[in-house]
Amino acid sequence: MQKLLLDLAERSAWTGAQAALGLAVVELADIPVWWAAPVALALSSAKGWVAGRLGRKGTASTLSAAADPASHPRGV
């Protein structure tokens, strides 16, 4: 259960950070707020790139393999 909560927390934190940064960028650039969505998508792509180098291969996690719930087999 703790691994599930860790995974959920990581995903929620990244989503919130991407949305907040998208809104901050459009506010600072003084452009229409609808640009926040494309900015957040670009941030998501950047996160995927980082995850591909830091996290376990085949997952979208930025957690290390030791902390990534997808890295450990689950028993029944």
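Mentor: Let's start with Gln18, which, leaving aside its neighbours within four places in sequence, is in contact with Ala40, Leu43, Ser44 and Lys47 (contact means heavy atoms within 4.5 Å). Before going on, a caveat: this is a predicted model, where local features need pLDDT of at least 70, side-chain atom pairs count only at pLDDT 80 or more, and totals for chains, interfaces and linings use all residues. Residues are numbered from 1 along each chain as its sequence is written, and side-chain values use heavy atoms, with hydrogens and water left out.

Gln18 belongs to helix α1, residues 2-29; helices are DSSP runs of H or I with at least four residues, strands are E runs of at least two, and both are numbered from the N terminus. Gln18 counts as buried because its relative accessibility is 13%, given that buried means under 20% relative accessible area, exposed over 50% and partly exposed in between, with a 1.4 Å probe and protein chains only.

Leu8 sits in helix α1 too, but Leu8 is partly exposed, since its relative accessible area is 49%.

Now the whole chain. There are two helices and zero strands, and 22% of the 76 residues count as buried. Among contacts with a separation of 6 or more, 28% come from residues 24 or more positions apart. The accessible surface is about 5,600 Å², and carbon and sulfur atoms hold 69% of that (Shrake-Rupley method, 1.4 Å probe; for residues, only the protein chains shown count as cover).
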